[in-house]
Amino acid sequence: MLLKDCLPDNAAWFCLLDTSQQDRVLSDVTVTRYPAGAIIERKGGKAYAWMGVLSGLVKVSVGSREGKMASLTGVPPGGWIGEGSLLKSEERKYDVVALRDCAIARLPVVTFNWLLDNSIPFNRYLLHQLNERVGQFIGKAEYDRLLEADARVARCLAELFNPLLYPGKNMRLDITQEEIGYLARTSRQRTNRALRTLEDAMLVKVEYGAVHVLNLEGLKEYGL
């Protein structure tokens, strides 16, 4: 995987930089591969880089000392996470786990801060991303408490296709029913039933190991 080829397709902010800024990013970014199930970053570790998913699928989650786990969100290719911890120079408050084999890009905090100091377009992009992230988590707190399983699965899928946070090229995502269940906090069997319901409603098309979204707005509003 050549970084200069894959980064423009998996970092919407990259094209906003001038040539010299792009050159520095390409020089400073590192890429690490992880197998499914691997811990990419642990809660409590010092944030030292902005992370982008180049391939695969990751889960952002928190856990208690008693072993209880809660998924906060999933991040498909094109998503970048961890900017809040970098901006506040604090320890990470969540685990990042590979749900499938992943390639993870890391932009060092020094380069991240340099872009903040030297690129107004990068600042605007980050501001919009932070605003969208706040709205995402407010919505998730609401639907986790108020919605039934079918609607939770619908919202989970809608999150993964958020055009600002995860600017993919199409409306198809490689994701299994088990992975959707992890993110929506539903059993595999219940996830299967929910997907069939959403498919009957012409909102998605379920393929082997993938989901094709037919009506994103319908997913966002399902169950209201």
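This is a predicted model: local features need pLDDT of at least 70, side-chain atom pairs count only at pLDDT 80 or more; totals for chains, interfaces and linings use all residues.

**Reading strands, helices and buried residues**

Biologist: What do the labels stand for, and how many bridges join strand E2 to E7?

Modeller: Helices (H or I, at least four residues) and strands (E, at least two) are DSSP runs numbered from the N terminus, and two strands pair if DSSP finds at least two bridges between them. In general, the strands of a sheet pair through backbone hydrogen bonds, either parallel or antiparallel. Strand E2, residues 39–41, is paired with E7 by two bridges in the antiparallel sense. Strand E4, residues 58–63, is also antiparallel to E7, here over four bridges, and Val60 has Val96 as its bridge partner in E7.

Biologist: Are the residues of E7 buried or exposed?

Modeller: Buried means under 20% relative accessible area, exposed over 50%, and partly exposed in between (1.4 Å probe, protein chains only). Strand E7, residues 95–98, is covered on both faces, with Asp95 and Val97 buried on one side and Val96 and Ala98 buried on the other.

Biologist: Why does Ile40 count as buried, and which residues is Ile40 in contact with?

Modeller: Ile40 lies in strand E2, and Ile40 counts as buried because its relative accessible area is 7%. Contact means heavy atoms within 4.5 Å, and, leaving aside neighbours within four places in sequence, Ile40 touches Tyr34, Met51, Val58, Val96, Val97, Ala98, Ile104 and Arg106. One of these is Met51, which is eleven residues from Ile40 in sequence and 9.8 Å away in space, C-alpha to C-alpha.

Biologist: Now for a whole sheet: in what order do the four strands of the open sheet stand?

Modeller: The order is E1-E8-E3-E6, with antiparallel pairing. Strand E1 (30–34) and strand E6 (80–81) are the edge strands, each pairing on one side only. Strand E3, residues 49–55, and strand E8, residues 102–108, are joined by six bridges in the antiparallel sense, and Trp50 has its bridge partner in E8 at Leu107. Helix H4 packs on this sheet, where H4 touches E3 and E8, and the direction of H4 makes about 60° with that of E8.

Biologist: How should I read such an angle, and at what angle do H2 and H4 pack?

Modeller: Axes are lines fitted to C-alpha atoms, for helices over the stretch in contact, and angles run from 0 to 180 degrees between N-to-C directions. Helix H2 (residues 19–28) packs with H4 (residues 109–118) at an angle of about 170°, and their axes are 10 Å apart. The residues that meet are Gln21, Arg24, Val25 and Asp28 in H2 and Val110, Thr111, Trp114, Leu115 and Asn118 in H4.

Biologist: What is the order of the open sheet of three strands?

Modeller: The order there is E9-E11-E10, and the pairing is antiparallel. E9 and E10 each have a single partner strand, so one side of each is left without a neighbour in the sheet. On average, neighbouring strands of this sheet are turned by 15° against each other, direction ignored. E9 (residues 172–174) is joined to E11 (residues 210–213) by three bridges, with Arg172 opposite His212. E10 (residues 204–207) pairs with E11 over four bridges; Glu207 is partnered by Ala210, and Val204 by Val213. E10 and E11 make a hairpin with two residues between them, and Gly209 in the turn has a positive phi of about 70°.

Biologist: Which residues of helix H7 are buried, and how many disulfides are found?

Modeller: In H7, residues 177–184, the buried residues are Glu179, Ile180, Gly181, Leu183 and Ala184, and the helix is followed by Arg185, which has a positive phi near 60°. A disulfide is a pair of cysteine sulfur atoms within 2.5 Å, and the search of the whole structure finds zero. Cys6 counts as buried at 12% relative accessibility, and Cys156 counts as buried at 2%.

Terms used
Residues are numbered from 1 along each chain as its sequence is written. Side-chain values use heavy atoms; hydrogens and water are left out.
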